[in-house]
Amino acid sequence: MSRIHNIAVIAGDGIGPEVVPAAMRCLDTVADRHGFVLRWTEYPWGSAYYHENGVMMPADAIRTLAEHDAIFLGAVGDPDIPDTVTLWGLLIPIRRRFNQYVNLRPVRTLPGVPSPVRGAENVDLVIVRENVEGEYSEVGGRLYRDQPGEAAIQEAIFTRVGVTRIAEYAAKLARQRRKRVTSVTKSNGIVHTMPFWDEVVAETLANYPDVELEKVLVDAMAAKLVLQPTAYDVIVASNLFGDILSDLAGAIAGSIGVAPSGNLNPEREYPSMFEPVHGSAPDIAGQGIANPIGQMWAGAMMLEHLGEEAAAREVVEAFEAVLASGIRTPDLGGTATTAEFTEEVDARLRALP
Ligand code: ATP
Ligand code: MG
């Protein structure tokens, strides 16, 4: 009996349905090689579903997804639907209901993907973004609407449990890497939540004496990431700061089309979700030219999470080798279509001994 992993697929919108099948094909090839089966079940949720039903996914979606070992997501987004609907109608409920409290974003220089920043040739860092609490809270509201004293209030919520577990995740990850954690806050300006974060992170990291902890303010971090991106190993930050820093770091590493992310429930009580960092890219959808690397890399992260580390490594090595051979999609200055690039990656995987 071979190992079976049950995967829920939400290809979603725009280029999602173009890059998801491309990645699935390569993942199936490595699964075959390593004697496991990816049992894919596709769910047609997202913007088309919203246009028909007024919701991004059905009411029992969470129960349905809970039956799976992981969720493989393309992109959701539509120029005619507000971002808040796609975000709060699909992504955030999944992240919260499945306690995917880690958003993991590796940022690494790839062959043939030039950085717009000088001296950023060998970036290799991971951003660990807190994914379920912090600044993205529903607590707050509007006061005195349409009156001269009108105001808006938004509370940020940081819990000891929440900060401890994200710090622990970062420390454990650093242990497998270069043993450095950079914790990013704004403790000089935000005087309640951010010093609390600093305190809990320091207490947690005290249990990892082999891991070096550095604290940096987010404004300084933005500058340092541009000036010296190779200096960092694991960066841990709150929901908002982690989001901003990962876009910045992703831009430094090169194209948005190559960056992956994992929404992880490290305890594996619930399925984790894997997706590219990019969105639905409506401007190039339907042309067959989307870069499938972000989706493939997200797939490799999924395999790793499922315990298929060797297969995961092969996928990453295969697309790196194809890039190194000079074959690239137009976003990286090449002429290959999604299908051509995918065929090259798949051919390499099939040719492995
Ligand atoms: P969404 O609202 O879904 O986030 P968006 O248009 O705001 O969509 P992206 O979809 O990330 O954001 O697109 C940003 C830019 O990057 C677009 O010009 C898009 O064409 C380009 N892009 C994004 N992903 C890819 C990809 N995989 N391959 C090539 N170009 C991409
Ligand atoms: Mg967008």
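Analyst: **The opening strand pair**

Val9 sits opposite Glu42 of strand E2. Keep in mind that this is a predicted model, where local features need pLDDT of at least 70 and side-chain atom pairs count only at pLDDT 80 or more, while totals for chains, interfaces and linings use all residues. Residues are numbered from 1 along each chain as its sequence is written, with chains lettered from A and ligands numbered from 1 in the order written.

Strand E1 (residues 3-12) runs parallel to strand E2 (residues 36-42), and seven bridges join them; DSSP has to find at least two bridges for strands to pair. Together with helix H1 (residues 16-34), E1 and E2 form a right-handed β-α-β unit, meaning the path over the helix runs clockwise with the strands pointing away from you. Helices (H or I, at least four residues) and strands (E, at least two) are DSSP runs, numbered from the N terminus.

Zooming out, the automatic or database assignment gives domain 1 (1-101 + 259-353) and domain 2 (115-253). Their C-alpha centres are 25 Å apart. Nine residues of domain 1 and eight residues of domain 2 make the contact, counted when C-beta atoms, placed from the backbone, lie within 7 Å.

Over residues 6-345, the chain is 41% helix and 20% strand, with the end C-alpha atoms 24 Å apart.

Key: Two residues are in contact if their C-beta atoms, placed from the backbone, lie within 7 Å.
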